[in-house]
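Please keep the structure open beside the text as you read.

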Amino acid sequence: MPEDDGIACLWMRGGTSKGAYFLGSDLPRQTADRDDLLLRIMGSPDPRQIDGIGGGDPLTSKVAILSPPSRPDADVDYLFLQVFVDQRLVSDKQGCGNILAGVGPAAIERGLVPAKDNVTEVRIHMVNSGEVAVARIETPAGKVNYRGDAAIAGVPGHHAAIPLLFANTAGSMCGALLPTGNPADTIDGIDVTLIDNGMPCVVMRAADFGLTGQESLDALENNSELKARIEAIRLKAGPMMALGDVSEASVPKMTLVSAPQNGGSIATRSFIPHRVHAAIGVFAAVSVATAARTAGAVGADLAVAPDDGNYLIEHPTGALDVFLDIGPDGEIRRAGNRRSARKLFDGRVFPR
């Protein structure tokens, strides 16, 4: 399809992120051509993304590509792409649990998944990790409902809840839950836990950097010395986590933890990885919650363990709930989370 005619695009909020949802059939088959197109659509590289639809922030420069399922236990394939804001780079090296929240509604809106009356379960093949998530979408009278009473931190108002359930996420990108085999390691004199339960994360104590863990986003964003130290640790953690050279990758995520202050399980400040996250990603929260219950892991001694498996991960704009289904031998069988999504516009986007 000629670019001058525009490309069908569904712009949605998923969780605490926003992104462009495309059908794979509407995009170029070749990766280089596809990425070039997405950079032009988003307006990258440019700190403001002024000549595209991106919002000048990693949380609003995301893409979901939906396709018919490539495996029998799924209803739709979902490929997540992070379009960098100020670099000419598109990465598929991670998934996104927030944008995932919009995949079920988008798949129904685009006719990839037929809606049932009342509730439609959508089995989503997360192509980035190879796992399947199940989303439950409210579809009264066979149409997606976005209105409801559910509130999530970092999103104004109330919307229809979208429960998400994940299984077999341990080692999704690193090959093992603890890729070094250790609950804790040391990098540049800082104790770290290298963990991957859906998102590769490096968990560190805020106190080890002379911080309380309650610092504001601006304070952390403007602390260039801190960010340089964290990036140096990230670059060394990459090979240790079987991720190789991560200098141009958006993983691992870097998370500072401290004791909870608002009735949660643990407090966090996350870097994604070069900007400070206004909240925390869904899969990153699952990884942090898993670390919080792992003996010997960094931050486990700071965490308040819930009785019912519902971990509340505090972040700068509120808290994110993570449910861990713990087996009889202490293994994590499944992880769950509740998100919401909203359709913002449906139309055609015109690349520059």
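Strand S11 pairs with strand S12 (residues 253-258) in the parallel sense, over five bridges; two strands count as paired if DSSP finds at least two bridges between them. Helices (H or I, at least four residues) and strands (E, at least two) are DSSP runs, numbered from the N terminus. The model is a predicted one, in which local features need pLDDT of at least 70 and side-chain atom pairs count only at pLDDT 80 or more, while totals for chains, interfaces and linings use all residues. Residues are numbered from 1 along each chain as its sequence is written, and side-chain values use heavy atoms, with hydrogens and water left out.

**Around strand S11**

S10 and S11 form a hairpin with three residues between them, and Gly-198 in the turn has a positive phi of about 110°.

Is S11 enclosed or open? Strand S11 (residues 200-205) is largely enclosed by the rest of the structure, because five of its six residues are buried. Buried means under 20% relative accessible area, exposed over 50%, and partly exposed in between (1.4 Å probe, protein chains only).

**The nonpolar cores**

A nonpolar core is a set of buried Ala, Val, Leu, Ile, Met, Phe, Trp, Tyr and Cys residues joined through side-chain atoms within 4.5 Å. The largest one has 79 residues, and Tyr-78 and Met-204 have the most contacts inside it. Helix H6 (residues 282-292) gives the most to this core, with nine residues. Apart from it lies another core, of 18 residues, including Leu-39, Met-42, Val-63 and Leu-81.

Which residues does Met-204 touch, leaving aside neighbours within four places in sequence? Contact means heavy atoms within 4.5 Å, and the partners of Met-204 include Ile-190, Phe-209, Ile-230, Ile-233, Met-254 and Val-298.

Strands S6 (residues 118-126) and S7 (residues 131-139) run antiparallel and are joined by nine bridges. Thr-120 stands opposite Ile-137 in S7. Their hairpin has four residues between the strands, and Gly-130 takes a positive phi near 85° there. S7 pairs in turn with strand S8 (residues 162-167), in the antiparallel sense over three bridges, where Ala-135 has Leu-164 as its bridge partner.

**Pockets and cavities**

On a 1 Å grid over the protein atoms alone, a cavity is a set of points where a 1.4 Å probe fits but cannot get out, and a pocket is an open set with protein on both sides within 12 Å along at least five of seven lines; lining residues have an atom within 4 Å of a point. Grid points are joined across faces, edges and corners, and a volume is the space filled by probe spheres set on the points. In the classes below, Ala, Val, Leu, Ile, Met, Phe, Trp, Tyr, Cys and Pro count as nonpolar, Asp, Glu, Lys and Arg as charged, and the others, Gly among them, as polar.

| Space | Volume | Lining by class |
|---|---|---|
| Largest pocket | about 440 Å³ | 14 nonpolar, 13 polar, four charged |
| Second largest pocket | about 160 Å³ | three nonpolar, three polar, two charged |
| Largest cavity | about 80 Å³ | four nonpolar, six polar, one charged |
| Second largest cavity | about 30 Å³ | seven nonpolar, one polar, no charged |

The largest pocket is lined by 31 residues, of which Pro-58, Gln-82, Ile-272, Pro-273 and Arg-275 lie nearest its centre. The largest share of its lining, three residues, comes from H6. Gly-24, Ser-25 and Arg-34 are among the residues that line the second largest pocket.

The lining of the largest cavity includes Tyr-78, Gly-198 and Phe-283. Residues lining the second largest cavity include Ile-137, Ile-162 and Ala-341.

**A loop residue**

Thr-317 sits in the loop between strand S14 (310-315) and strand S15 (318-326). With a relative accessible area of 38%, Thr-317 is partly exposed. Not counting residues up to four places away in sequence, Thr-317 touches Ala-153, Gly-154, Ala-278 and Ala-279.
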